[in-house]
Amino acid sequence: MPGASGASAASARPGDDPLTLGADFLPRLASALVLAPLALLITWYGGWPFALLWAAAALIVLREWAAMTDMRPRGWAVAGLVYAGTVMLAPVLLRADAMLGLTALFWLFAVVWGTDIAAYFSGRLIGGPKLWPRVSPKKTWSGALGGSLFGTLAGLAVLHGAGLGFSAALVPVTLAVSIASQAGDLFESAMKRRFGVKDSGALIPGHGGLMDRLDGFVAAGGLALLLGLMRNPGAPGQGVLLW
């Protein structure tokens, strides 16, 4: 599933060698090397396997949300249903666009994964002021900015490779999706602090739960779908990519 490094905007602890990778890096890398090609393959194939994959992901995320929050107060239960619904609806509705659905998903993956990976490494190598220490002590502004820059470039590179003509509007759109990806990561970090848990689960070695892997993708996909539906309700892939 989407989510490559799982350490958006992370930085080293004070005194750490920035070139020294975390102890969980290799398990995370191994999981990503399995999950990323699988996600791309099923996305390319489309159809019922694609829809079934995301339906299953939504159910798992809802289960992890329920375990974390105990669905109390009631607002958390409603929020969990919306969150899990976005897990499924964003990729499925974008992919359903016969003209640009596949391109929209590959673009979305590139933005989220590029943001995640670049934020991790730029945060560790550069360090500097913390982004929001009360919510996520390891995240830095250097990681956030590096992730946004590389995630935007990665998304634009996919669109260029797909043969889409350049539109200046795609730069802020892609950047906004990259920022949304990091906001989704921060949202889940805040949730975990609120409920006193380290991970949403233990499904994926080195990563935690599925929600830990999809936090950025849910926010980025939700924003992409919203933009696409606002501009072209019948073809959201075209809506978000054709300006």
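What you're looking at is a predicted model. The protein has 8 helices and 2 strands, and reading from the N terminus the elements go α-α-α-α-β-β-α-α-α-α. So much for the layout; now for how the chain folds back on itself. Of the contacts with a separation of 6 or more, 75% join residues 24 or more positions apart. Out of 243 residues in the protein, 52% are buried.

Let's begin with a pair of helices that follow each other in sequence. Helix H2 covers residues 47-69 and helix H3 covers residues 74-95, and their axes come within 9 Å while crossing at roughly 165°. An angle over 145 degrees counts as roughly antiparallel, and H2 and H3 therefore fall in that class. The crossing of H2 past H3 is right-handed. On the H2 side, the residues making the contact include Phe50, Trp54, Val61, Leu62 and Trp65, and on the H3 side they include Trp76, Tyr83, Val87, Met88 and Arg95. Sorted by class, this contact comes to 18 nonpolar, 2 polar and 1 charged residues.

H3 also packs against H7, and here the geometry reads quite simply: the axes sit 9 Å apart, at an angle of about 55°. With that angle, H3 and H7 are oblique to each other, and their crossing is left-handed. From H3, the contact draws on Tyr83, Thr86, Val87, Leu89, Ala90, Pro91, Leu93 and Leu94; from H7, the partners include Met211, Leu214, Asp215, Phe217 and Val218. Tyr83 and Val87 are worth a click in the viewer: both belong to the contact of H3 with H2, and both belong to the contact of H3 with H7.

Next, take H7 together with H4. Their axes come within 10 Å and cross at roughly 135°, which makes H4 oblique to H7. The handedness of this crossing is right-handed. Leu105, Trp107, Leu108, Phe109 and Val112 of H4 meet Gly216, Phe217, Ala220, Gly221 and Ala224 of H7. By class, that gives 8 nonpolar, 2 polar and no charged residues.

One last stop is Thr152, which is found in helix H5. Is Thr152 buried or exposed? Its relative accessibility is 8%, so Thr152 counts as buried; the cut-off for that is under 20%. Not counting residues up to four places away in sequence, Thr152 touches Val171, Thr174, Leu175 and Ser178.

Key: Residues are numbered from 1 along each chain as its sequence is written. This is a predicted model: local features need pLDDT of at least 70, side-chain atom pairs count only at pLDDT 80 or more; totals for chains, interfaces and linings use all residues. Side-chain values use heavy atoms; hydrogens and water are left out. Axes are lines fitted to C-alpha atoms, for helices over the stretch in contact, and angles run from 0 to 180 degrees between N-to-C directions. Helices (H or I, at least four residues) and strands (E, at least two) are DSSP runs, numbered from the N terminus. Angles under 35 degrees count as roughly parallel, over 145 as roughly antiparallel, 65 to 115 as roughly perpendicular and the rest as oblique. A crossing is left-handed if the near helix is turned anticlockwise from the far one by less than a right angle, and right-handed if clockwise. Contact means heavy atoms within 4.5 Å. Ala, Val, Leu, Ile, Met, Phe, Trp, Tyr, Cys and Pro count as nonpolar, Asp, Glu, Lys and Arg as charged, and the others, Gly among them, as polar. Buried means under 20% relative accessible area, exposed over 50%, partly exposed in between (1.4 Å probe, protein chains only).
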